Amino acid sequence: MSLEDNAIWASLPVPALLLDPEDRIEEINPAAEGFLNTSSRSIRGQNVWERVMINSPLEDAFNRARETASPLFVNDVDVGTGERAPLHCNLQIAPLSDRPGYMLFLISPRELAGRMTQDHSVKSAAKSAIGMAEMLAHEIKNPLAGITGAAQLLSMGLDAEDRELTDLIVAETRRVVKLLEQVEQFGNLTLPDLRPVNIHDVLDRARRSALLGFGASMKIIEDYDPSLPAAIGDPDQLLQVVLNLLKNAAQAAGKEGGTIRIHTYFEHSFRLRRADGGGRSLPLQIEIIDDGPGLPPDIADQIFDPFVSGRENGTGLGLALVSKIISDHEGWISVNSVPGHTVFRISLPMAPRARKTKKESS
C-alpha cells in the first residue's frame, strides 16, 4: 500500500480485513485489531473462517462474489471471535480491482450505530427515576418509620403466634425502606471526582472484596493488559460499578458457583459520538465475563433501564445505577449475552498524559 492508502486503511472506523485468493488474512486495520483482540502481525496468514465466526453459511456466496468480481452485502448476522459473545453485525465484502482474487471484508457492528440513541435514552431514564426518587423518599419513608414503630410497640403485648405477624410487618417495611434507599442512591446527583485512575487497582479491590463476600463460591480470573494507561474517572464510583457487575455474575451462577473473567485491553479506534455531533475516544476496555445462564432474551435490550431485572426479587436499579455512573464518566457500557457466556463491557476515556517541561525533555 502507498502512504495515502495506509492512512485511509488506518482511518477506517469499522473492522476491515484484506484477504488473499486462498481466504488467508493478509492485513487488518486498527479497528479490526481491537475487534479481534489481536495484532495484524500475529493474525497474518490465518484462514479468515477460523478467526471470524459467523452464524450464517457464507462461504459459497463469498466464493461467487470473488468469481464474478462483484460486491456482497450481508445484514443482521452474529459475528464472534471465539473469545467473547457474538455481536450483531452487517458485512460488506468487495473485490479489489487492482489485485485479482483479493477481497476486502468490512464488519459493521450494529451496536455502534445505536450508541448515541441508547446513551440519550439512559440519561432520560435517569432523570425520570431521579424525580421519582425524590417523591418516594419524601412521601413514603416517614410513614413507614411510623408503621415500623407502631408494629414494634404492638408486639410487646402479644403472644408468640401473633408476634409473628408484627415481625412480618417490621421486616416488610424495612425491605421497602431499603428499596427506597437504593432509589435515592440512583437519584444522587453528585458528579464523579474525575482524576487519573489505575483501573487495575480498582479491579483488584473489587475482586478481593467479592471473594471475601458474595463471590466466595466463584473463581475469578484476572486477564489484564499490564501496559494499559491510566483512565480518567472517580475510583470510588468505578469500584461501585465493578462490584455491582461481579455481584450480578455471582448471583446468576447460584450456589453452585462458576467462573468470572476480568479482561482488560486497549482499543484505540473506539469512539463514542455525542448528540452534539462531537466524539470522544474511549480506548480503555474492561470486560466482566461469566459462564452463567445468561440474560433473559425478553429483557436483554432493556437491562440498563430502571426497574428492569432478570431476578425474581431484583429491584432493577443496580444496572441502571451502573449505566448512570458510566454515562457520568462520558464512557460506555454494553452487554452481550448467550447461555454460558455473558460479557459486560465498559469503555472509558484515557487520562491525559502529563506534558514534559523543557528541562525534563532536555
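These are my notebook entries on one protein chain, looked up in a predicted model.

**Entry 1: the whole chain**

I began with the overall counts. The protein chain has twelve helices and 15 strands. It runs to 362 residues, and 42% of them count as buried. I then looked up the accessible surface, which comes to about 19600 Å². Carbon and sulfur atoms hold 53% of that surface. Next came the contacts between residues at least 6 apart in sequence. Of these, 63% join residues at least 24 apart.

I looked at β1, residues 16-19, from both sides. Ala16 and Leu18 point one way, while Leu17 and Leu19 point the other way. Are these residues buried or exposed? All are buried.

On one side I followed β1 to β2, residues 25-28. The two strands pair in the antiparallel sense over three bridges. Leucine 17 has isoleucine 28 of β2 as its bridge partner. β1 and β2 form a hairpin, with five residues between them. In the turn I noted aspartate 23, which has a positive phi of about 65 degrees.

I also followed β1 to β6, residues 103-109. Four bridges join this antiparallel pair. Alanine 16 stands opposite leucine 106. Leucine 19 has methionine 103 as its bridge partner.

**Entry 2: strand β6**

I stayed with β6 and checked its burial. Why do I call β6 largely enclosed by the rest of the structure? I do so because six of its seven residues are buried. β6 also pairs with β5, in the antiparallel sense, over seven bridges. One pair I marked is asparagine 90 opposite serine 108 of β6.

**Entry 3: serine 40**

I picked out serine 40, which is in helix α3, residues 40-43. Its relative accessibility is 7%. The cut-off for buried is under 20%, so serine 40 counts as buried. What does its side chain reach? It makes a polar contact with the side chain of glutamate 27, at 2.5 Å. I then left aside the neighbours within four places in sequence. Serine 40 is in contact with Glu27, Ile28 and Glu33.

**Entry 4: helix α10**

I went on to α10, residues 235-253. This helix has 19 residues. How far does α10 reach from its first C-alpha to its last? It reaches 27 Å, close to the 27 Å expected at 1.5 Å a residue. Then I checked both ends. At the start, a side-chain oxygen of aspartate 234 comes to within 3.0 Å of the backbone nitrogen of aspartate 236. Just after the helix, glycine 254 takes a positive phi of about 80 degrees.

**Entry 5: helix α11 and serine 323**

My last stop was α11, residues 318-328. Nine of its eleven residues are buried, so α11 is largely enclosed by the rest of the structure. The buried residues include Leu319, Leu321, Val322 and Lys324. I noted a general point beside this list: an α-helix has 3.6 residues a turn, so residues three or four places apart point the same way.

Serine 323 lies in this helix. It is buried, with a relative accessible area of 5%. I checked its distance to valine 241, which is 82 residues away along the chain. The two C-alpha atoms are separated by 8.5 Å. After α11 comes glutamate 330, whose phi is positive, near 60 degrees.

Terms used: Residues are numbered from 1 along each chain as its sequence is written. This is a predicted model: local features need pLDDT of at least 70, side-chain atom pairs count only at pLDDT 80 or more; totals for chains, interfaces and linings use all residues. Side-chain values use heavy atoms; hydrogens and water are left out. Buried means under 20% relative accessible area, exposed over 50%, partly exposed in between (1.4 Å probe, protein chains only). Two strands pair if DSSP finds at least two bridges between them. The expected span of a helix is 1.5 Å times one less than its number of residues. A polar contact is a pair of N or O atoms within 3.5 Å; within protein, one must be able to donate a hydrogen and the other to accept it, and residues adjacent in sequence count only if both atoms are side-chain atoms. Contact means heavy atoms within 4.5 Å. Accessible areas come from the Shrake-Rupley method with a 1.4 Å probe; for residues, only the protein chains shown count as cover.
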